[in-house]
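Dear colleague,

Please find the structure for your review below. A short account of the findings follows it.

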Amino acid sequence: MQNNRRPLVAGNWKMNGSLELAAELQQTFQQASLQNIDVLVCPPFPYLQGFDVSVSALGGQNLSQYNSGAHTGEVSAQMLKSVGCSYVLVGHSERRSDNAESNELVASKVKVALEQGLTPVLCVGEAEDIRDSGEFFDFIAAQLDAVLNLVGIAEFAHIVVAYEPVWAIGTGKTASPEQAQEVHAFIRGYLANLDSEVASKLRILYGGSVKAVNAKELFSQPDVDGGLIGGASLDPQEFLNICLAAKG
Ligand code: PGA
C-alpha cells in the first residue's frame with residue numbers, strides 16, 4: 001500500500017447472507033474506528049435497501065448494461081443508486097463464468113456504471129490453466145484492453161480494479177504476497193504506459209481467500225491497495241479485522 005492511495009476493503013457476499021447479517025455487520029462497524037480507509041459492502045440486491053451508508057459504502061454485485069426496459073431479472077445502475085449504492089462490482093469471475101460475460105460485455109457495464117455515477121470495481125484475473133501456461137499477463141491485459149478501448153484511460157480515474165486470480169477464489173489457496181504484487185505492478189505499469197498519473201492514483205485490490213491472518217502481508221505490498229473479500233466478509237468481526245489490517 002502506498003501513502004497517497006486511500007485503502008479500500010470491499011466485502012462481496014455473493015449469494016449469501018440475510019437481513020440479520022446486514023444488521024449485525026452494521027452494528028459491528030458502527031463501533032469501530034476506521035478512519036483513512038474506505039469500507040464497501042456488496043450484499044445481494046434484496047439486502048441493499050436500508051443499509052446505513054454512513055457506516056460503510058454500499059455496492060451492487062452486478063448491473064445491467066441497459067438503463068431500463070424489457071430485461072427481466074436485471075438491475076440498472078440508476079436502481080442501485082436509488083438505494084444508496086456508490087460502487088458496483090463488474091466482471092466478477094463468477095459472472096464471467098456463470099453468465100458468460102465477455103470482456104466486451106464487462107466493458108459495456110463499466111461504461112454504463114461510469115455514465116450513471118457509480119464507481120465500477122472492475123474484476124480481472126486468470127484461471128489456473130492460464131496461470132500454469134504462464135500467459136496470465138496477456139490474459140489480464142486483454143481484460144483491461146476491452147475496457148480501455150470502450151471508455152479510454154482517463155476514465156480509470158473513476159474505476160477501481162480488483163485482481164482476483166480465479167484459482168484463489170473460495171479455495172483457501174491465496175496468492176502469495178509476491179504473486180499478488182507481481183500482477184498488481186503489471187496492471188499499474190500497463191496503464192502507466194497510457195497515463196502515468198491515472199495509474200499512480202488507481203486503487204488495485206487483491207481478492208482470493210483473504211482472511212484476517214493473511215491480510216496484513218498482502219496489503220503491505222506496494223501496489224496492493226486493499227482487498228475484495230468473499231467468504232471472510234460474511235463474518236462481521238473477521239471482516240472488521242481485515243479492514244483494520246488495511247488501516248496500516
Ligand atoms: P473469497 O472470494 O474471498 O471467498 O476467495 C473473493 C471474491 O470472489 O470476491
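What share of the contacts in the protein with a separation of 6 or more do residues 24 or more positions apart account for? The share is 74%, where contact means heavy atoms within 4.5 Å.

Please note that this is a predicted model, in which local features need pLDDT of at least 70 and side-chain atom pairs count only at pLDDT 80 or more, while totals for chains, interfaces and linings use all residues. Residues are numbered from 1 along each chain as its sequence is written, and side-chain values use heavy atoms, with hydrogens and water left out.

The protein has 10 helices and 8 strands; these are DSSP runs, helices being H or I of at least four residues and strands E of at least two, numbered from the N terminus. Its C-alpha trace spans about 45 × 45 × 35 Å along the principal axes.

Of the 248 residues, 52% are buried, that is, under 20% relative accessible area with a 1.4 Å probe, protein chains only. Leaving aside residues up to four places away in sequence, Ile187 touches Val124, Ile140, Leu144, Val161, Tyr163 and Ile204.

Yours sincerely

How values were computed:
Buried means under 20% relative accessible area, exposed over 50%, partly exposed in between (1.4 Å probe, protein chains only).
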